[in-house]
Amino acid sequence: MRKCALSAMNDIFAAIASSKTVYLPVDGADGNAAFTKWEDGLVWSHALNTVRSPKDFFFPQTEDLMAFKTEGKTIEVIDIRKESEDFVIFGVRACDVKSFDVLDRVFLSEPVDSFYASRREHGVIVSLACSRPSETCFCGTFGIDATAPAGDVTAWKTEDTVYFEANTAKGAALLKDIEALTEEASDDAVKAQQEKTKTILAKLPLANLTTEAFGGGKTKEFFNHPAWEELSQACLGCGTCTFVCPTCQCYDIKEFNTGNGVVRYRCWDSCMYSEFTKMAHGNNRLTQKERFRQRFMHKLVYYPENNDGLFSCVGCGRCLSKCPISMNIVKVMKTIGGNNG
Amino acid sequence: MQRIGVFVCWCGSNIAGTVDVKAVAEALSHEPGVVFSTDYQYMCSQAGQDMIKASVAEHHLTGIVVCSCSPRMHEATFRKTATAAGLNPYMVEIANIREQCSWVHKDMPIGTEKAIILGKAAVAKVHLNAPLTPGESPVTKRALVIGGGIAGIQTALDIADAGFKVDIVEKKPTIGGKMAQLDKTFPTLDCAACILTPKMVDVAQHENVRIFSYSEVSEVKGFVGNFDVTIKKHARFVKEDLCTGCGACVDKCPMKKVPNEFNLGMDNRPAIYIPFAQAVPKVATIDPAHCNMLKNGKCGLCARVCTAGAIDYTQQDEYVQEKYGAIVVATGFNPISMDKFDEFAYNQSKDVITSLEFERLTNAAGPTAGKLLRPSDGAHPHTLVFVQCVGSRCTACAEKGKEYCSKICCMYTAKHAMLVRDKYPDVDVYVFYIDVRTPGKNFDEFYRRAVEEYGVKYIKGTVGKVVPENGVLKVQASDLLNNKQLHIDADMVVLAAAIEPDRSARPLATMLTASMDTNDFFTEAHPKLRPVESPTAGVFLSGACQGPKDIPETVSQAGAAASKVIGLLAKDKLMGNPCVASSNEAMCNGCSSCANVCPYGAITYEDKEFRMPDRTVALRRVAKVNPAVCQGCGCCTVACPSGAMDLNGFKNDQILAEVDAICK
Amino acid sequence: MQKVTASQLIDRAAALLSDGSVSAVLGWKQGEFDYDITPAVFADEQALRDAFVWNDFCGANFSKYLLKATKKVDGKVLVFLKPCDTYSFNQLLTEHRFDRDKVYAIGIPCEGMADIDKVKAQSGDGIVSIACGETIQVTTLYNDAPVSVELADVLEERCANCKSKKHVAYDELLGDEGDVLDSARFDEVAQLEAMTPDERFAFWQEHLSRCIRCNACRDVCPACTCEKCVFDNPASGVENKAPANEFEEKMFHIIRAFHVAGRCTDCGECSRVCPQNIPLHLLNRKFIKDMNDNYGEYQAGAEVGSRAPLVDFTLDDPEAADVLDRRG
Amino acid sequence: MQVNGEFKPLIVAFCCNWCSYAGADLAGNNRLNYPAEVKIIRVPCSCRVNPTFILRAFQRGADGVILCGCHPGDCHYTSGNYYTRRRMAMLFSMLDYLGIERERTRVEWVSAAEGAKFAATMNDFVAQVTALGENKRLEDLRCKK
């Protein structure tokens, strides 16, 4: 385990930034933290987490896939793919690190999404253990240990010191790059913080929420559950939950006519939108109830069914705090699953 | 995908001098969808048009772009060419490369480049053009004239003479309007009744004219060529078809103290009355507010004396429904109320009267049998003061009067002054004026006669106050030319009250969806070029409802309105302009924004059942555009938040395509 | 603290349900953490007694829900309306968006609603419970004793600049009627106007670049009730699902603000729900302020059937250049 | 657009059919020059111009947008330009509020008889936009060549 003084982090960022782009959570003018490209002097936020999840780094909201150039009546197809550059993301929380597993299973299984794969390959994740979880946190429900997040490197932040431990070869290489700026450390302080955090985690309001009732094979049990009607009745049909969600991975492919050609790009889509997966005959999800059900059935039943029991929710709590009408997966799990946490 | 032909015109050297037309044709030939592109010296010539026609056939064109002069010049020409070639005329777009390109740019490369871009925009638009067909609607060959004054009478007569049926609706028991109350008319001083009453008789006897007197329009539905109108006939308690107008009932009626509105309250009439001797229809009317029989069930004298048995105390208001192809508004004017003009003591002294009251006072059929007598005591007056512009041109006192000039007062005041001096040379007559306005044939001559031959004392200045004192009206005034204050002891003061549109006009305008200005005068479709048409198709304007007018002007406008109506009714079918708005009901919210901005009242709403995306059926309020009424301005399309409203020929996507092509 | 209590509302709603005057109640439903309250339709008294809440966190404006509720529910829907909600209610009626006869509206006074982010700024994160009384008592994982927070210090922006405590529509009013207030809601707009164009550009660039086009602002907006929004309609030419670049971000917000101009009652829901804290109300208020300054005071929703400034005109309106010059 | 190192703005002019488009024609009839950078789009009435069209022009690379209609009171459709006046005043004020140069937008009333005014207006507007330079604040980089 390596450590450095919190006050020395600027040097660490500078050292890494000499060869890779560095991103870290920085407090914005609006009071929220957001992953921001590091520049000299930018301060690592103390916020628990960002509003936008770090999935943007691998699966950005919009991304050009290919282009067509038109000249009169001729069309030329342009391959605009290029290899991603190396980058490091600092401060990814345990829940969000876990979300990359969820995304990987979608984008890295055959056929591999080359855009995603390239970014994943070139990105180094420095996770950050939690010490002050919020009431909206429930990563424990999905078996995630907030005090020991995965990632290429795990970091723990105390009052004045940052501890690092490499988990992968990529991580080890990163620590190697900054070896001169860090020193060897015992894990006592980390252990103490973990202990303390665990007692807090146990006291969280959602600490006892479980996934017992859910998982693959539960489609029949839940699909026609009468509670969907009531749960979805206030849903506005906006895309906030899906867009702040670290595991939502649906996208639409669209074309933009630039006047001189066409750009084919993809952008996040939301199963909450009435236009989602609309086909020539219309839409098979007729009302917000069906759209709402789709989202939660996907997270809690369909996805685990296809992915060895892995749920596509990591308990980050973003939808709990950001839904305009405060309807969220916890309320759904408790109502449908009969789980009173 | 369209198959587009591009035709670039040289216009001799007009275009070709600054634009390389061959380069334009060549450049546009590479645009997607263009299957044929050529240039020619004069595209509008017969040979040029023949070339277009041949090309349509040869290349199976579905759309045509002509790069030529302004569409204002030859759009119609090329649309006809397209029709002749078997294409829909609206599949033609013009790129204006003459007026807006070759003529304003001097440099050949620059002009050529711009011409190509304008051509591309036209090509982009034609891609999205769709064939348009003008809607057809039948025309009901009957006109409605609302108002039976000289304007309405003249309009009705002219329409009727052309062979069309006309109905006149008049809210008073008789037609005739204001003109029937006048004494003499300027500038010829012929008697109003002598020229009006024969027309009243003519119109009443005309086989094509029906008169609904004592009636009002209560509902208007429909649109140009197809109005459905409900007319409310007030109960007059006298059977119109039986009454002979003998007047026996009028003589016998015991209730004789009803203020006579025809004489503006200066004398009385019975509860059953005929407004004046030449009234049309000459039928008695019972005033239910004063008739003892109707109020208390006691009396019944009139029924007893009526040998024709025309009296019917049980008569009810009656509603008549009729269809019309055109509606003429001729609701006329009234003098404004003098209540707010305390300075002239109108409400304090009977000897302060309005000019219209003065008309009755000098009229042989009036309350004094035409003798000039002071209303308060019937004495012969010696000094008369006329005050002009009372409530007119009132820029500083908008809450009291009107900002506009009432136009007729200068002339009738000159007339009044002259009449007084002619009959009673012993009477001193003063006229206070701001300006004397006499822009009419023989008008200024008339005014000068009043001053020069009749010795009327015209004083430029204003009357500040009129104070009734010991049977005399103390008039305080200023003489602006001599810069002095004047004090005149007058026996009578005559106020040239401003005129305003009749009160019935505003609700009528709402029913007709015809627009009005802030003074409640009806607005014309165009102030210069369409002065007798309302912006609402099929509604026409006659007389003072559109603005202050004297009799000759009213009569000429009445004739003009009639000719417009005749032009409309002469058609069997109305062919609409197909470039009108239409609403995509699936997207319409029914919010009324579009109807709020429509200047023509072309948009109505209906509740319609829709299959919703979730397969339920819902009743939704949606906009409907009447293509026969819409004029195609497109205002509604921008007011519509959902984009449900679009305009044929200038659709959103067409304009966006033009923008895109230009900004490429 | 709210002047009318939850039990007063529940009792009244229960009475109206039981005598058949209404067949459903649109109200606020208890959440997980005392502050995450969800709009809900209550069908019977038991449901009301179980979960209906009314406290300092009941921000949701129910007017828009009436579009769906009045179509779905047989009989009348009882809706509770705060003063600002009543303006939206009227505006929707002006636009014929729901059947007034199917609604029983109860006006309730409002002392302003609390912004949970502002509460957390005082109490800290890790909220275990919140009790709304004279003050807001917040119990957290990280404080030994409850933290006491004054409602006045943690009001949502729209409540801190409340325009009216007067209900402009209701069938019945619980509690006392308030007044239209002289609010400072345009101050921030004026401050922006006083900046240089470069500063304004930087301000909006920073804020709008955060937009994730989740459409929460649009979907919560009581003025945005289009059957089909232009931004969802491929035929409109402006449809898009993502803020692909700076232009798209601006385009969406300009057009959205323009479409609701004259119809926006300034209820503030857009800013309340924005997950990225974009001050969207500053766009809507800009239009309101401009319209007030140039065409006379107009409050959308103040009365049913009024004609909004952009579907109206006078002969002597100022020219576009004058409108810009007037502000300097 | 840069032409030989010189900035040539792209100007989109929306002209109502009855007055301003005819005014532009008259400018042509009288051979009154104005820069070819001005490209005119004909609309029936100025009130047909949706703010979307204006934003679209900027998106696609226009450096200035001018809207011309009949003088107030002279609208062929009686009141269209009054609505235009309000709509554009509000839209342009909003663009200004967002920090977009106000000199890039203009409303001008040009009658069918005002060919000279049309040409003078276009000359002036082109000069004004040229002085501002390229539209950077309301452009869509995807549309750049």
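In the predicted model, 54% of the 664 residues of chain B count as buried. The secondary structure of chain B consists of 19 helices and 34 strands, and its C-alpha atoms fill a box of roughly 95 × 65 × 45 Å along the principal axes. Of the contacts in chain B between residues at least 6 apart in sequence, 70% join residues at least 24 apart.

The domain assignment divides chain B into domain 1 (4-128), domain 2 (142-228 + 321-332 + 502-569), domain 3 (248-305), domain 4 (336-498) and domain 5 (581-648). Between domain 2 and domain 4 of chain B, the C-alpha centres lie 30 Å apart. To this contact domain 2 of chain B contributes ten residues and domain 4 of chain B contributes 18 residues. On the side of domain 2 of chain B that touches domain 4 of chain B, four residues are nonpolar, two are polar and four are charged.

A helix pair in chain B was examined in detail. Helix α12 (residues 355-362) and helix α13 (residues 409-423) of chain B pack at an angle of about 35°, and their axes are 11 Å apart. The crossing of α12(B) and α13(B) is left-handed. From α12(B), the residues B:Ser355, B:Phe358 and B:Thr362 take part, meeting B:Cys409, B:Tyr412, B:Thr413, B:His416 and B:Leu419 of α13(B). The residues of this contact between α12(B) and α13(B) comprise four nonpolar and four polar residues, with no charged residue.

Several local backbone features occur in loops of chain B. The peptide bond from B:Phe186 to B:Pro187 is cis, with omega near -5°, and B:Pro187 is found in the loop between β8 (184-185) and β9 (190-191) of chain B. A cis peptide bond also runs from B:Val280 to B:Pro281, with omega near 0°; B:Pro281 lies in the loop between β15 (272-273) and β16 (285-286) of chain B. In the loop between α12 and β21 (383-390) of chain B is B:Ala369, a residue that has a positive phi of about 55° although it is not a glycine. B:Ala369 counts as exposed because it has 9 C-beta neighbours inside 10 Å, where the limit for an exposed residue is 12 or fewer.

Chain A contains eleven helices and twelve strands. Its radius of gyration is 22 Å, close to the 20 Å that the globule rule gives for 341 residues, so chain A is as compact as a globular protein of that length. The C-alpha atoms of chain A fill a box of roughly 65 × 60 × 40 Å, taken along the principal axes. Of the 341 residues of chain A, 45% count as buried. Among the contacts in chain A with a separation of 6 or more, 70% are accounted for by residues 24 or more positions apart.

Chain A is assigned domain 1 (2-51 + 83-203) and domain 2 (219-336), and 27 Å separate the C-alpha centres of domain 1 and domain 2 of chain A. The contact takes 20 residues from domain 1 of chain A and 18 residues from domain 2 of chain A. The side of domain 1 of chain A that touches domain 2 of chain A is made up of ten nonpolar, six polar and four charged residues. A non-glycine residue of chain A, A:Thr277, has a positive phi of about 50°. A:Thr277 is located in the loop between β12 (261-268) and α9 (288-306) of chain A, and is partly exposed, with 14 other C-beta atoms within 10 Å.

For chain C, the domain assignment gives domain 1 (6-113 + 161-173), domain 2 (115-154) and domain 3 (187-327). The C-alpha centres of domain 1 and domain 2 of chain C are separated by 26 Å. Eight residues of domain 1 of chain C are in contact with seven residues of domain 2 of chain C. The side of domain 1 of chain C that touches domain 2 of chain C has three nonpolar, two polar and three charged residues.

Contacts between chains were also examined. Chain A and chain B each supply nine residues to their contact. The side of chain A that touches chain B has one nonpolar, seven polar and one charged residue. In the contact of chain D with chain B, 35 residues of chain D meet 37 residues of chain B. At least two residues of this side of chain D come from each of α1 (20-29), β4 (38-43), α2 (51-59) and α3 (80-97). The largest share, six residues, is supplied by α1(D). By class, the side of chain D that touches chain B has 19 nonpolar, eight polar and eight charged residues.

Technical notes
Residues numbered from 1 in each chain as written. Chains lettered and ligands numbered in written order. Predicted model: local features only at pLDDT ≥ 70, side-chain atom pairs only at ≥ 80, totals over all residues. Contact = placed C-beta atoms within 7 Å. Helix = DSSP H or I, 4+ residues; strand = E, 2+ residues; numbered from the N terminus. Nonpolar A, V, L, I, M, F, W, Y, C, P; charged D, E, K, R; others polar. Domains from an automatic or database assignment. Rg over C-alpha atoms; globule rule 2.2 N^0.38 Å. Buried ≥ 20, exposed ≤ 12 C-beta atoms within 10 Å, placed from the backbone. Axes fitted to C-alpha atoms, helices over the stretch in contact; angles between N-to-C directions. Left-handed = near helix turned anticlockwise from the far one by under 90°.
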